There are 2 protein chains.
Amino acid sequence: MQEKKIPSLSDIREAHHRIENMIHRTPVLTSRSMNKLTGSDLYFKCENFQRSGAFKFLGACNAITQLLANKQVKIVATHSSGNHAGALALAANLHKLQCIVVMPSNSSKIKINAVREYGAKIIFCLPTLQSRESELERVQEQTGASFIHPYNNFDVIAGQGTAALEFIRDCNELDCLIAPVGGGGLLSGTAIAAKSIKPEITVFGAEPKGADDAWRSFKEKRIVPSVNPKTIADGLLTSLSDRTFAAITAFADDILTVSEEGIVLAMQLLQERMKIVVEPSGCVPLAAVLENKPIFNNRKTGIILSGGNIDPEIASGIHT
Amino acid sequence: MQEKKIPSLSDIREAHHRIENMIHRTPVLTSRSMNKLTGSDLYFKCENFQRSGAFKFLGACNAITQLLANKQVKIVATHSSGNHAGALALAANLHKLQCIVVMPSNSSKIKINAVREYGAKIIFCLPTLQSRESELERVQEQTGASFIHPYNNFDVIAGQGTAALEFIRDCNELDCLIAPVGGGGLLSGTAIAAKSIKPEITVFGAEPKGADDAWRSFKEKRIVPSVNPKTIADGLLTSLSDRTFAAITAFADDILTVSEEGIVLAMQLLQERMKIVVEPSGCVPLAAVLENKPIFNNRKTGIILSGGNIDPEIASGIHT
């Protein structure tokens, strides 16, 4: 299964065909006041309106559907503190599969509740990668569950690429496209889809300065692990994997890093000017435009708003 | 000008044709989790994404365009503490007209800033209707400005009706439609458009119990003024006028009243489940569904989310 090569545009098109009846076709929003403020011509693909509240549902749906096409599966499992957990739980529920999620005990309440609401079983672990992985191994041994990795999985990457596919179908005149980068699943799928459809488009990853391992990896041409990342963008703490590193170095043009203040400002602007709730990780691409105006000046710039799952307390905290 | 009769569907269609290059074509969103929660099949027309942050821009745009078609105008004026002020300021700005807004001194900062940002001149008055009206009269005498009333104006009403026109074009299978009612401009336009296109549709107004003058007026078949209204829905404090009363009694089916708790719950759900920011007045129709589930059970229910202009402090306060 996992020995396949980097997904192609036709893999992403097939993924879209496979999942389109399960996913939300999210709208693309524009805002004259944001254009005025940035000097760019901005288009926002609202994956914060996606089912489960984040783009992660695209990849989870595609991976589960592909898994079921190839073998008999009754249980899927993953480890995640974030949006992949909720997305996999919902996708499994729709396919009437059992789902087990290993979650660090310090995961946010809103995300724990979402996973429970979608009917998955939660096993809590210590908040370390080692504890997550060993707990997941135990689950796999005991239950025979199929592990669906949050991003180091080509079916997940192909699913994430469907957001850019829809985006370019709706706005084929885009000059550049920006996606946030954590583990790299979204940026991989985005870059493959966009550059394959339209080679002249520029694809950027956007990452917090406080978790700039993807930027370092891209510059050094080797995977530099994320060490003690510190950022409000809780979805972007993870390191690239071999599969996402391969896709990003082959297809993306550059990675831009942003300040914490830029992320908070972007989140405020999205709420106050555009009336939408975007979680901090999803605000990083807009922060990249705000902090690099000359790059995007007068260009048609597509931004993927990756998710909207934010604790209400954090959402209110940004205004104080 | 103001002696015309209640707008017809063709007036609303003409209004749409007239303004469509100036307005945002707002999306219609759906949410399976909201359907599950209410037992209804809900469609949300997002006028919170409209320019100036509220549906008021539709009416202001149409009224100004009509005014200019009929006479030489250099200055428009209004009194408003809320969304009509910002909408008129923006519409005037686009037409390169001067705009003067009489605003009560206790208007919210965010709304004062919006009016200023759109280039209008603000004259502050005492927070009473008498002070607003006498100050406006003085402005008209001194400047010759044309007064554009927030809702007692058939061109404004026709403009507000364009939201329902678009809504039914996008979702022609709607069984019922709900709009909030304050002064009644939106409900008037909505009811005229919807019942004229599709006579079998049911059109509801939704109003806070703490400001239930439209409900009383509808039941008593005479205009009952709003006296000391008390509600978080600051856009719904005003009384019906002769023109909106006439349209609403002729075209709307019923008015539902909702509790303050219902409004706050609706606002939380829209933020947490649908990732959108809706001001309290715009949450009243969803509150009406939540508090009257049997009426809407299994029906395709259209909700007009009328605006998104909320002070960040209020937005955060709802979660505590």
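Two strands pair if DSSP finds at least two bridges between them. Helices (H or I, at least four residues) and strands (E, at least two) are DSSP runs, numbered from the N terminus. The model shown is predicted: local features need pLDDT of at least 70, side-chain atom pairs count only at pLDDT 80 or more, and totals for chains, interfaces and linings use all residues. Residues are numbered from 1 along each chain as its sequence is written, while chains are lettered from A and ligands numbered from 1 in the order in which they are written.

**View 1. Strand β7 of chain B and its partner β8.** β7(B) and β8(B) run parallel and are joined by five bridges. Ala179(B) has Gly205(B) as its bridge partner in β8(B). Five of the five residues of β7(B) are buried, so this strand is largely enclosed by the rest of the structure. (A residue is buried if 20 or more other C-beta atoms lie within 10 Å of its own, exposed if 12 or fewer, and partly exposed in between; C-beta atoms are placed from the backbone.) In a regular strand, side chains alternate between the two faces of the sheet. Both faces of β7(B) are covered. On one side sit Cys176(B), Ile178(B) and Pro180(B); on the other, Leu177(B) and Ala179(B).

**View 2. The sheet of chain B.** Six strands form an open sheet with mixed pairing, in the order β1-β2-β10-β7-β8-β9 (chain B). Which strands of chain B stand at the edges? They are β1 (28-29) and β9 (254-258) of chain B, each with a single partner strand, so one side of each is left without a neighbour in the sheet. β8 (residues 202-208) of chain B pairs with β9(B) in the parallel sense, over five bridges. Within β9(B), Thr257(B) is the bridge partner of Glu207(B). Helix α8(B) packs on the sheet and touches β7, β8 and β10 (300-305) of chain B. The direction of α8(B) makes about 165 degrees with that of β7(B). (Axes are lines fitted to C-alpha atoms, for helices over the stretch in contact, and angles run from 0 to 180 degrees between N-to-C directions.)

**View 3. Val181 of chain B.** Val181(B) lies in the loop between β7 (176-180) and α8 (185-197) of chain B. Is Val181(B) buried or exposed? Val181(B) is buried, with 37 other C-beta atoms within 10 Å. Gly205(B) is 24 residues from Val181(B) in sequence, yet their C-alpha atoms are 5.7 Å apart. Two residues are in contact if their C-beta atoms, placed from the backbone, lie within 7 Å. Leaving aside neighbours within four places in sequence, Val181(B) is in contact with Leu187(B), Gly205(B), Ala206(B), Glu207(B), Ala214(B), Leu236(B) and Ile255(B).

**View 4. The sheet of chain A.** The strand order is β1-β2-β10-β7-β8-β9 (chain A), in an open sheet of six strands with mixed pairing. At the edges stand β1 (28-29) and β9 (254-258) of chain A; each has a single partner strand, so one side of each is left without a neighbour in the sheet. β7 (residues 176-180) and β8 (residues 202-208) of chain A run parallel, joined by five bridges. Gly205(A), in β8(A), is the bridge partner of Ala179(A). Helix α9 (residues 213-220) of chain A lies across β8 and β9 of chain A. This helix runs at about 145 degrees to β9(A).

**View 5. Two domains of chain A.** Chain A is divided into domain 1 (9-54 + 157-317) and domain 2 (56-147); the bounds come from an automatic or database domain assignment. Their centres, taken over C-alpha atoms, are 24 Å apart. The contact takes 22 residues from domain 1 of chain A and 17 residues from domain 2 of chain A. On the domain 1 side, α1 (9-19) and α7 (154-170) of chain A are the elements that give two or more residues. The largest share of that side, six residues, comes from α7(A). By class, that side has eight nonpolar, 10 polar and four charged residues. (Ala, Val, Leu, Ile, Met, Phe, Trp, Tyr, Cys and Pro count as nonpolar, Asp, Glu, Lys and Arg as charged, and the others, Gly among them, as polar.)

**View 6. Where chain A meets chain B.** 17 residues of chain A are in contact with 17 residues of chain B. On the chain A side, α11 (260-272) and α14 (312-317) each supply at least two residues. α14(A) gives the largest share, three residues. The chain A side has six nonpolar, six polar and five charged residues.
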